[in-house]
Amino acid sequence: MASSSTFNTPDFPSPLRLPLSTEVLASINAHLSTLSPQDILKWALVHLPNLSQTTAFGLTGLVAIDMLSKFADPSDRPPLIFLDTLYHFPETYELIEDVRRRYNVSVHVFKPDGCETVTDFEQKYGERFWELDENSYDYLVKVEPAQKAYQELDVQSAITGRRASQGGARASLPPLEVDNTGLLKLNPLFAWTFKDVENYINQNDVPRNKLLAQGYRSVGDWHSTSKVEEGQDERAGRWAGKSKTECGLHEDYFKMKAQAAKVAIVAS
Ligand SMILES: Nc1ncnc2c1ncn2[C@@H]1O[C@H](COP(=O)(O)OS(=O)(=O)O)[C@@H](OP(=O)(O)O)[C@H]1O
């Protein structure tokens, strides 16, 4: 059984002092790589400054929400941040309500700047803006709202639902990363497979997106998400047939911002 020194490691200050040097980050990752997701989360509650959970209520994020509910008092649980692109499926919005009820958590929702509804967004940028410029679309609906969320809520560390077994750019995902804005990103389930996640969800009766019963596995916006066939990768239905595999949230922030600069011209 893990002792309290597993979570409260005297080698690292509590909370950690930022910025982290490369050496400290490497030694934290060496320690976290030996722990279960539950113990990584317990360690994070002790050591990570101003911790939140950024979630689209995918299966992996739901596992983290459920694990935290089992060992952390409600007031100690990281606040949830949902970036509402305005183009999620109705089933995703329904799931958020299920999660709020089941776990008695508040969800901080951030939308594209100045937009409450799809109509607001389309008046500003036109219909099907993602077809015109996918990266700028991502920047407007996720990257910029995330930066706003982190500033308003004073977030210095965020739990994500990414896993190495999702492949692509995630194949060598470490437990803890520092992005180029200085944000600490914790990936507590970095070492779990899809099967591990599915088993946990079933064994713990965790609420899940109703679309999963229809053949979807990873769910984002309705216009870039499709069902996957048996045996296909879990994220094969995201931007299917395109080279794109990430939404921008986990890309280089400054690159996304520079690419999106031309959006101001389109919108004006
Ligand atoms: N809209 C939105 N709001 C808040 N957080 C979000 C959002 N989209 C992605 N994420 C975060 O990225 C994790 C991986 O998501 P995905 O595999 O769906 O990929 S992608 O980011 O959309 O490309 C995802 O993991 P989950 O918590 O399992 O959803 C989140 O940590």
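How much space lies in the second largest pocket? About 220 Å³ lies there.

This is a predicted model, in which local features need pLDDT of at least 70 and side-chain atom pairs count only at pLDDT 80 or more, while totals for chains, interfaces and linings use all residues. Residues are numbered from 1 along each chain as its sequence is written, and side-chain values use heavy atoms, with hydrogens and water left out.

1. On a 1 Å grid over the protein atoms alone, a cavity is a set of points where a 1.4 Å probe fits but cannot get out, and a pocket is an open set with protein on both sides within 12 Å along at least five of seven lines; lining residues have an atom within 4 Å of a point. Grid points are joined across faces, edges and corners, and a volume is the space filled by probe spheres set on the points.

2. Second largest pocket. Its lining has 18 residues, and those closest to the centre are D179, K185, L249, H250 and E251. Helix α8 (134-152) and strand β5 (176-178) each supply at least two lining residues, with α8 giving the most, four. Helices (H or I, at least four residues) and strands (E, at least two) are DSSP runs, numbered from the N terminus. By class, this lining has seven nonpolar, six polar and five charged residues. Here Ala, Val, Leu, Ile, Met, Phe, Trp, Tyr, Cys and Pro count as nonpolar, Asp, Glu, Lys and Arg as charged, and the others, Gly among them, as polar.

3. Largest pocket. The volume of the largest pocket is about 280 Å³. It is lined by 15 residues, of which F194, E198, L212, Y216 and R217 are the closest to its centre. Helix α9 (residues 194-203) provides the largest share of this lining, four residues.

4. Cavities. There are three cavities of 30 Å³ or more. The largest has a volume of about 610 Å³ and is lined by 35 residues, with A56, G58, G161, V219 and R238 nearest its centre. Twelve of its lining residues are nonpolar, 14 polar and nine charged. The second largest cavity has a volume of about 80 Å³; α8 gives the most to its lining, with four residues. Among the residues lining this second cavity are E134, W239 and C247.

5. E134. This residue is found in helix α8. E134 counts as buried because its relative accessibility is 19%, where buried means under 20% relative accessible area, exposed over 50% and partly exposed in between (1.4 Å probe, protein chains only). Its side chain makes a polar contact with that of K242 (3.3 Å). A polar contact is a pair of N or O atoms within 3.5 Å; within protein, one must be able to donate a hydrogen and the other to accept it, and residues adjacent in sequence count only if both atoms are side-chain atoms.

6. T54. T54 lies in strand β1 (residues 51-54) and, at 14% relative accessibility, counts as buried. The side chains of T54 and Y150 make a polar contact (2.9 Å).

7. Cysteines. Zero disulfides (pairs of cysteine sulfur atoms within 2.5 Å) are found in a search of the whole structure. C115 is in no disulfide, and the nearest cysteine sulfur, that of C247, is 18 Å away. C115 counts as buried at 3% relative accessibility, and C247 counts as buried at 8%.
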